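Let's take a friendly walk through a protein model. Have the sequence and the 3D view ready, and look up each part as we come to it.

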Amino acid sequence: MRTDEIRRRFLDFFAERGHTVVPSAPLPTPDPTLLFVNAGMVPFKPYLTGEAPAPWPRAASVQKCVRTLDIEEVGRTTRHGSFFQMNGNFSFGDYFKPTAISHAWELSTTPVAEGGFGLDPDRIWVTVHTSDEEARALWRRIAGLPDERIVTRGDEDNFWSMGVPGPCGPCSELYYDRGPAFGPAGGPAVDEDRYMEFWNLVFMQYERGEGSGKSGYPVLGALPRRNIDTGMGLERMATLLQGVENLYETDELRPVLDRAAELAGVRYGADPAADVHLRVVADHVRTALMLLADGTAPGNEGPGYVLRRILRRAVRAMRQLGSHDPALPELLPVARDRMAPGYPEVLEAYPRIADQAQAEEEAFRATLKQGTTVLDTAVAEARRDGGRLPGAQAFLLHDTYGFPIDLTLEMAAEQGVEVDREGFTALMEEQRERARADTRARKSGGTADASLLRGVLERHGATDWRAWDTLETTSRVLALLGPAGPVPVARSGEIVTAVLDRTPFYAESGGQESDAGTLSAASARAEVIDVQRPLPGLVVHRVRVTEGELAEGDEVAAAVDPEWRTGARQAHSGTHVLHAALRQVLGPAALQSGSYNRPGYLRLDFPWRGPLSAAARSEVEEAANRALRRDLPVTVRWTTLAEARELGALALFEETYGERVRVVEIGGPWSRELCGGTHVEHAAQIGVVALTGESSVGAGTRRLEAAVGLEGFGYLARERDLVSRLAEQLQAPRGELPDRIAGLLERLKAADRENRRLRQQAVQARAARLAAGAEEAAGTAVVAATADGGPDDARALATAVRDRLDARRPGAVAVGVPTGETAVVVVAVNEAARGAGADASVLVKRLLSGRGGGSPVLAQGGGLRAGQLPAVLAGFPGLLAER
């Protein structure tokens, strides 16, 4: 049973029993204690804790979840995944234990043909809390479970709370016995690989007090309203119903894993080390897809950092497999196609997802290329100096090149070099302390500390800053500072901090990236790669010497790259225009809360609940470009802070302003903001504002991204070319494309429905013929045949043939299907055969030398070479005769 079918059956079952079906919440959550939704109950937390009244008495959902605490274990074991889906049914003061247990048992054991999951009741075990005799009695009465399959456990396993004072209560977990092939007998207390947990029923009936751990708190008494919170792992149920060994072999993950193996030229199952990397890739690609779809963008903190780490771990794992070509463009579409049936937003957002993922992979590949060279040099030096890489070197790789510490550890170990992990950790903690002390301070590239810079400022005074007036100045080098302090000379290839007496370079501030350009002396040339204001009045330049030697006291020509500055002005003015357009369309609540702009690109963050509609985005973009078409004048005035406020000028980001402030106006009152950035003279010089993305960047915060200037025209040209190609391929006018595509999709759906109907008819017709030609073996009607397609087709044919056999006499069916170089075999037996002692799971294991499992009436196995399939099927009747 496919995962999307499991999802549908779960929701249909509970909808029929009075539950409101609630869509999955986005993965980013407004809960301040979490980065992402990490459990099915998180969106319902206010209702379960009593913070807010529940809109419904009972609800059901399939919730997307991300957990990364065990991210290092992903791939190393087959039980950990960073993304998973939790089926849940909830009662808010409505039903309690008897109904929750009844629902779980009914859905789990009802035959597939009747809408259930068809699990064998005789293979289900449950656990209950030591204090919960009520649950034990209910399991005996409702499910008829014997005492030996009702396992008692303590607080560690079977008592739930959120870790803080509030609701708590016992829980009861359902486990399925996958058979002796997966471990020893004895129930979940003995082996949780063989006995797989698939559903947890939490009975919120008590209130807990302060305390720690699983049991270090008092239970204060009964809740006035008792709640039910259950969680069925969708991937775990898919593992059971698809007859595979683990979640990585289910239908949503295995195709990604197989594609990764194909790209790397390896085979899953052939090498344990390679298998770990393949599982990492499969899990992380799907997780990244779902995070990107929900609006998370790669970044350096919070949710963005988690996503960045996941994407980079996937790319790195592919490199470890020997695949050095871009991997995400090949793998993400596979994950998209598997997840889209349950989450259509994945399809809608895919162009943005693909762009963000590709950019991140390209950046990381460049990081790896550059960082690997630096690491190789450092490792060679460490081998000469005793075989230990200093923590400072590992920190430099991490901080400057984005090189993950685990990658440094692994690559150093491959060359026999140990890394000073403790030293690295100490430096990381120092960095975090600095960030916590002043998160907005930029440390001039990390090369000069504040005391040195303060000394330069005291000796020479404030920098004569000319960025608003000119692109070139003749300047003198006042100081050169390296990581260890002042340096008299910087030679070719070295990176230093240069302090000039005057500068035309814009220092990064107000969301605008610093200028790029050059310093040219009589015998030296340096590239300006960053400009900052580490202290009030002082501007410093991070420079890389490209020719000759740059010395303190040199006279230099400081020149801003004019193309860079033009693009920067367009982007910064474009940010103001977009902000004004946004407020014009959405109202004054859409106040900019953050921004970033560089040549050709801008992003703007603003508080807003929920995504903007397509119509709203279009209206904002149109309002911005109307301002450009009207060629609104851009003016700058200096005034007092009080006068600026009276004018209605917007002061952003909680900046500290002096008494005299700079006000930038575009079209007078249409856009009036306090700003120290560089701007165009007229709005038309921006060229165009083309919205390229709209996403969530946290609780109640949205982000607009846009291309401006030449990059904006390029973006629109690519969009135009795409529409042109579609129009040409569909032979339709552009205006008719939406209707034409909608019609094509509907026809495809209709054709798919008709194909399914015809396939079902063909299966039934073939099943009738096979059943009619059944062989006789030891009093059993036996059919052995092959199927076309995949394992699902083999199961469909096997069950159809079994159901066509005479139910009054034993019948057994084996159907095999080649799947590339290997083959899968499905065995089905009827009830009469079961009564005669036949067991499908035993038969498939005997047929395939122990490789397989399932229920007594339907089982599946694999690991067989495709060429062996005819001989194996030919031996099936003899196997029945031997029984």
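Start with helix α20 (residues 709–730) and helix α21 (residues 737–772), which pack at an angle of about 55°, their axes lying 11 Å apart. Because of that angle, α20 counts as oblique to α21. Keep in mind as you look that this is a predicted model. Two packed helices are described by the angle between their axes and the distance between the axes.

The crossing of α20 past α21 is left-handed. Which residues of α20 and α21 meet? On the α20 side they are Val723, Leu726, Ala727 and Leu730, and on the α21 side they are Leu737, Arg740, Ile741 and Leu744.

## Loops with a positive phi

Now move to the loop between α20 and α21, where you will find Gln731. Although Gln731 is not a glycine, its phi is positive, at about 50°. Most residues other than glycine have a negative phi. Is Gln731 buried or exposed? With a relative accessibility of 70%, Gln731 counts as exposed.

Asp631, which is not a glycine either, also has a positive phi of about 50°. Look for Asp631 in the loop between α18 (614–629) and β24 (634–640). At 32% relative accessibility, Asp631 counts as partly exposed.

## The whole protein

Zoom out for a moment. The protein has 883 residues, and 50% of them count as buried. Its secondary structure comes to 26 helices and 34 strands, and its C-alpha trace spans about 105 × 70 × 65 Å along the principal axes.

How much of the contact picture comes from residues 24 or more positions apart? Among contacts with a separation of 6 or more, such residues account for 67%.

## Nonpolar cores

The largest nonpolar core holds 108 residues, and the members that touch the most other members are Phe10, Phe117, Trp139, Phe198, Trp199, Val285 and Leu289. Helix α8 (residues 272–293) gives the most to this core, with 12 residues. There is also a second, separate core of 30 residues, which includes Leu602, Leu604, Ala683 and Leu691.

Take Phe10 as an example. Leaving aside neighbours within four places in sequence, Phe10 is in contact with residues including Val62, Leu107, Phe117, Trp199 and Met232.

## Helix α8 and its partner

The axes of α8 and helix α10 (residues 328–339) come within 9 Å and cross at roughly 70°. α8 and α10 are therefore roughly perpendicular to each other. From α8, the contact is made by Val281, Val285, Arg286, Leu289 and Met290. From α10, it is made by Leu328, Leu331, Leu332, Ala335, Arg336 and Met339.

## Two residues to look up

Thr110 sits in the loop between α3 (97–109) and β4 (124–129), and it counts as buried because its relative accessibility is 19%. The side chain of Thr110 reaches the backbone oxygen of Glu106 at 2.5 Å. With neighbours within four places in sequence left aside, Thr110 is in contact with Gly116, Phe117 and Gly118.

Finally, find Arg8 in helix α1 (residues 3–15). Arg8 is partly exposed, with a relative accessible area of 42%. How far apart are Arg8 and Ala690 in sequence and in space? They are 682 residues apart in sequence and 39 Å apart in space, from C-alpha to C-alpha.

Notes:
Residues numbered from 1 in each chain as written. Predicted model: local features only at pLDDT ≥ 70, side-chain atom pairs only at ≥ 80, totals over all residues. Heavy atoms only, no water. Helix = DSSP H or I, 4+ residues; strand = E, 2+ residues; numbered from the N terminus. Buried < 20%, exposed > 50% of the residue type's maximum accessible area, 1.4 Å probe, protein only. Polar contact = N/O pair within 3.5 Å; in protein donor to acceptor, adjacent residues only side chain to side chain. Contact = heavy atoms within 4.5 Å. Core = buried A, V, L, I, M, F, W, Y, C linked by side-chain atoms within 4.5 Å. Axes fitted to C-alpha atoms, helices over the stretch in contact; angles between N-to-C directions. Parallel < 35°, antiparallel > 145°, perpendicular 65-115°, else oblique. Left-handed = near helix turned anticlockwise from the far one by under 90°.
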